[in-house]
Amino acid sequence: MLYHYQMTHAPQVNEPAPKFRATDVLGNKVTMSSSGDGYILITFLRYSGCPWCNLAIHRLALENTQLQANKCQTIVFVQSDKVSVIKNIYERHELKPQFPIIADHDMKYYKLYNVDSSIPGTLKSITKIPVWLESVRKHGFKQKKLDGNLFLVPAWFLVNLRTGKIVQSERGVSFYNHESFIKIYDSLTFKD
């Protein structure tokens, strides 16, 4: 069930984060609500066979302990079906993600957060070919079936659960870059 209200623009910093209820690929219920203490990092990636996205999930898995130590949960959305997510992510990663991954092939949660495609945004990622090569060679995240929108621009939203508001966000995110995590950790360290 989705708490639905129409966004006419992408949610911005200091605005309420759209709330939702979903089920992850392992069958666990996941809720984003404005109750409780801490933060939630809501991440939108491309599709499950995407080498860049698999590298992002790997990096999020490496950072998960530190994020949790800062009272920050992680939720990842992937625009593939459940079977593809299990096959291309859980079965390929040596370090299994310890956070929910939600298969959103119909992209209803992407629409809720206004995460969409952009050819210019995607073309910027061409400059990151060395990272793609590292992803393929070092971690074995070779390109798999294209079962999502290749031109989707990944994004993340950091939400303060006490206020329900977005405290930081980024589009065109590269989780393999330290700068993305610096922004996140700065927000977690210098709390309001």
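I shall discuss the sheet, the helices beside it, and then one asparagine.

Please bear in mind that what you see is a predicted model. I begin with the open sheet, which is built from five strands in the order 5-4-3-6-7, and whose pairing is mixed. Strand 5, covering 101–103, and strand 7, covering 165–171, form the edges, each pairing on one side only. Averaged over the sheet, and with direction ignored, neighbouring strands are turned by 20° against each other.

Within this sheet, consider strand 3, residues 39–44, and strand 4, residues 72–78: the two pair in the parallel sense, over six bridges. Here F44 stands opposite F77 of strand 4.

Next, the helices. Helix 1, residues 51–69, packs on the sheet and touches strand 3, strand 4 and strand 5. The direction of helix 1 makes about 160° with that of strand 4. Helix 2, residues 82–90, lies across strand 4 and strand 5, and runs at about 140° to strand 5.

Finally, I turn to N160, which lies in strand 6, residues 155–160. Is N160 buried or exposed? Its relative accessibility is 3%, and the limit for a buried residue is under 20%, so N160 counts as buried. What does the side chain of N160 approach? A polar atom of that side chain lies 2.8 Å from the backbone nitrogen of R162.

Key. Residues are numbered from 1 along each chain as its sequence is written. This is a predicted model: local features need pLDDT of at least 70, side-chain atom pairs count only at pLDDT 80 or more; totals for chains, interfaces and linings use all residues. Side-chain values use heavy atoms; hydrogens and water are left out. Two strands pair if DSSP finds at least two bridges between them. Helices (H or I, at least four residues) and strands (E, at least two) are DSSP runs, numbered from the N terminus. Axes are lines fitted to C-alpha atoms, for helices over the stretch in contact, and angles run from 0 to 180 degrees between N-to-C directions. Contact means heavy atoms within 4.5 Å. Buried means under 20% relative accessible area, exposed over 50%, partly exposed in between (1.4 Å probe, protein chains only). A polar contact is a pair of N or O atoms within 3.5 Å; within protein, one must be able to donate a hydrogen and the other to accept it, and residues adjacent in sequence count only if both atoms are side-chain atoms.
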